[in-house]
Amino acid sequence: MRGRLRFGALLAVVCMVSLGAVSAVSGKPTQSSNTFIFAGASDPTYLDPALVSDGESFRITKQIFEGLVELKPGTTTVTPALARSWKVARDGKTWTFRLRTGVKFHDGTPFNARAVCANFGRWFNFTGPFQDASATYYYRQIFGGFKRNESTGLGKPLFRGCSAKGKSVAIVRLTRRSGPFIPSLVLSAFSMQSPTAMAKYGANQGELRGGTFRPTGSYAFSHPTGTGPFKFNSWTVGQRVVLDRNGSYWGTKAKVSRLIVRPISNNTARLQALQTGEVNGYDLVAPQDMPTIRGNNRLQLINRRAFNVAYVTINQSKPPMNRKIVRQAVAHGLDRASVVRSFYAGRAVVAHQFMPPSVPGYNPSVKKYGFDPERSKRLLRQAGLTLPVKIEFYWPTNVSRPYMPSPNLNFAAFKASLERSGFEVTAVSQPWRPDYVKNVNQGTGGHLNIIGWTGDYGDADNFVGTFFQSANAQFGLTRTGEHKAIALLLDKAEAEVNPTKRIALYKKINALIAEFVPAVPYAHTTPAVAVERRVRGYVASPVGSESYRGVSVGGQ
Amino acid sequence: MLRFVVRRLLLLVPILVGLSILVFVWVRALPGSPADSLLGERTTPALVKEYEERFGLDEPVYVQYWKYVQTTAHFDFGVSVASHRPVTTEIKERFPATIELALAAMILAVGLGVPLGFLAAKRHGGIFDHGSLFVSLIGISIPVFFLAILLKYLFAVRLGWLPSVGRIDVTSEVKHPTNLYVLDAILTRDWKTLVDVLKHLILPAVALGSIPLAIVARITRAAVLDVQNEDYVRTARAKGLPPATVDRRHILRNALLPISTIIGLQTGLLLSGAILTETVFAFPGMGQWLREAIFNRDYPVLQGGILFLALVFVFVNLLVDISYAIINPRIRYS
């Protein structure tokens, strides 16, 4: 009997330990309302913005660092940041930046023209492992090459030199005219960093190990030093990055004294952490979670303006798609309005061109292709084809993108509408990673393929330039014939530094692309951020990383 | 005993070679390369080629394997393709979290499973016995991730009793010298942090420990039923020993042998179950890390992480074998 009692007692103790811990402290975090806790999807890679290219790293660096220019909150309009103003010389290659005065980096180093040139010089003079795409992806994309290129894949550098004129004027000289130069400077990768801190903590030390770049100094892990509204405090990998308000910030100081960003990779886990109050907000809200958030009066959704495009590629290297009349038949055969209405829960608009309306150069009067099965059949017959025209249509599995939450549903609807329009569709599905994207981008997918794009910065070149300036295998383009005319115009627009002229050029290009039909755009979607209702001042940026300096929690 | 341990340690060499080949081949059998996974929509043939050259993926497989063996022999598992951090550093940071979770789950499984199994055997054929059999059947049948989601929804989201994510309150400023948070809190006598850490451990540990708990309970029940009819137990009772002493010294001690075997085997299950549990609870251990590595085709992380966990599994089983001798002195090793 005593033995049974002992086991009973043991069982009771185990249960009590568990329940005691439960009841002793509730699950709610002991959070100060002066702290803003935000959930991202993963840890940052590291915190030297020049050496990263992922959104989660930029989420943090955007708070610590600032560039010469930035985007007006919630828009894609370039506004002054550390540069008060800028102008380009008549040659279109010499840019003069007038800088803010009295600004200091977090370590007390003055921000001035010498610091600007030190940063441009640092990027330009990168050697060895720093020239690798895993280290300097955005520098390579925008500036093309380094002072001494060490790889055949690099081109002639855009940057020529930088000189300081006094403390507050920096002159940047380029090797060629570049329209995207200023818009691309909003990227966190081109933020100004303290030359003193970089030298002290080995920012220019790094290695390629096993094919992967990694900094070997401590700067990128524990001493990132910028001029931004928040200063680095600590980083516990897998758990949190802590930033503190910069009390000496030159502009309006951050409203919260502490910012914590924690990585939660699972969508549902992020939502539940918001529901339980363990975080004040989170990004990358899954479309299926939006009704739950809307139905909770403690929570709210904040929309990002559309900055993406979902489209169906048409591969011209696969006959009969080499004929424009057939591509136009495809455009009339895709019921885009129905797809947007049915599968985007009111969070998308039908796209008629390859850049969202918020990007300068958008042309509202391009040729539009409404769903018209009869017209589609007529065009196919005019092309001398026997109906139904057999085509392969590829779609991806295991993926959900902001511009494409449910590819299977989009595909099924498109297949049905095409089959009403004179096509016989053979469906091919492949996993998004790695097969699908590779096949589509290398032109080895189907006649038609579903894909999309989210922009990096607010410039038309980042959309139509990326797609159509070169012989892009995704569309089977060869920079000949009608495509050559478009590509040459894109070259011209890229080299144009007058914003008004550039916008006019891109409007013309968009009209030509709509006539040429290299693909069929079908949706621009508005992703969302979820935050507690007591969070005020959160303005979501279209490009995905915003400053939290205006955010307050609980009505501070 | 010493000879046995040395022999088992020597046997580790072919096991490790076999493991390294298996892991190496398996990782490369996954479709796609790190370049495809990392670049996504931004993939271009030129960039893929450049990545593959950098990762040495354009070299013959045997060359790649030899390089892998050479670096692994120096405990250098390389650098993560996704995080750009050394794999050994990440293991050092994340393994304590997984160990803490696995230990909590095992303590729960043994702490509840042994008494439950014992009581079920003592009440053989009764309601308690049938009830415990039914509950353990459910415990074995429910997938870990499903139970984790259910527990989290009920106790964290609906009732708000326990946290839903992480290992510790995110605003906590406490230092963690050993990275084993429970141990750190006990060593520093920081009881508030201890409660907080336990609070974060309960749900993942219950989810992860559910299957081992059910198995331990069933094995204990079977072993106790078996042992309590042995002659030496009858003799002990006939000698007039108190029932509790008979239960403790003669029944439970002998019944513990199969349970210790199960504990060793269940360690592997706990480590693999941690992948799902840690993902659901955003618990920053090796499980969550490996899951992300699979999606990113992060070869160095997969090779290093899996090999390391396999090593842990092999060592735990070695420890279990050694523990046999301590639990039951009749066992001798040759």
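Is F38(A) buried or exposed? F38(A) is buried, at 0% relative accessibility. That value, like every other here, comes from a predicted model.

Start with the partner of F38(A). Over all chains, the structure holds 42 aromatic pairs. F38(A) sits in strand 1 (residues 35-40) of chain A. Y548(A) sits in the loop between strand 22 (535-536) and strand 23 (552-553) of chain A. The pair therefore ties together parts that are 510 residues apart in sequence. Y548(A) is buried too, with a relative accessibility of 1%.

A second pair has another geometry. The ring centres of F354(A) and F468(A) are 5.0 Å apart, and the planes stand at 80°, so this pair is edge-to-face. F354(A) belongs to the loop between strand 16 (348-349) and helix 12 (373-382) of chain A. F468(A) belongs to helix 15 (residues 464-468) of chain A. The contact thus joins parts that are 114 residues apart in sequence. Both F354(A) and F468(A) are buried.

Ring pairs also build a cluster in chain A. Among its members are W95(A), F97(A), F120(A), W123(A) and F124(A).

Now turn to the covalent link. A disulfide is a covalent bond between the sulfur atoms of two cysteines. The structure holds 1 disulfide over all chains. C117(A) and C162(A) form it, with their sulfur atoms 2.0 Å apart. The angle about the S-S bond is -70°, and the link is left-handed. It connects distant parts of the chain: C117(A) is in helix 3 (residues 113-124) of chain A, while C162(A) is in strand 6 (residues 159-165) of chain A. The two cysteines are 45 residues apart. C117(A) has 15% relative accessibility and counts as buried, because the cut-off for buried is under 20%.

E494(A) gives a contrasting case. E494(A) lies in helix 16 (residues 481-495) of chain A. At 29% relative accessibility, E494(A) counts as partly exposed. Which residues does E494(A) touch, leaving aside its neighbours within four places in sequence? The contacts are R177(A), S178(A), G179(A), P180(A), D461(A), Q469(A) and Y506(A). R140(A) is 354 residues from E494(A) in sequence, and their C-alpha atoms are 16 Å apart.

Chain B comes next. The secondary structure of chain B comes to 13 helices and 0 strands. Of the 334 residues in chain B, 54% are buried. Take the contacts in chain B with a separation of 6 or more: residues 24 or more positions apart account for 73% of them. Chain B exposes about 15400 Å², and carbon and sulfur atoms supply 70% of that area.

Where on chain B is a nonpolar surface patch? F145(B), F146(B), I149(B), L150(B) and L276(B) form one, with about 440 Å² of accessible area together. Helix 7 (residues 144-158) of chain B supplies the largest share of the patch, 4 residues. F145(B) lies in helix 7 of chain B. F145(B) is partly exposed, with a relative accessible area of 38%.

Technical notes. Residues numbered from 1 in each chain as written. Chains lettered and ligands numbered in written order. Predicted model: local features only at pLDDT ≥ 70, side-chain atom pairs only at ≥ 80, totals over all residues. Heavy atoms only, no water. Disulfide = S-S within 2.5 Å. Buried < 20%, exposed > 50% of the residue type's maximum accessible area, 1.4 Å probe, protein only. Patch = residues over 30% accessible without salt bridge, like charges linked within 9 Å, V, L, I, M, F, W, Y side chains within 5 Å. Areas by Shrake-Rupley, 256 points an atom, 1.4 Å probe, with all protein chains shown as cover. Salt bridge = Lys/Arg side-chain N within 4 Å of Asp/Glu carboxyl O. Contact = heavy atoms within 4.5 Å. Phe/Tyr/Trp six-rings, centres within 6.5 Å; stacked < 30°, edge-to-face > 60°.
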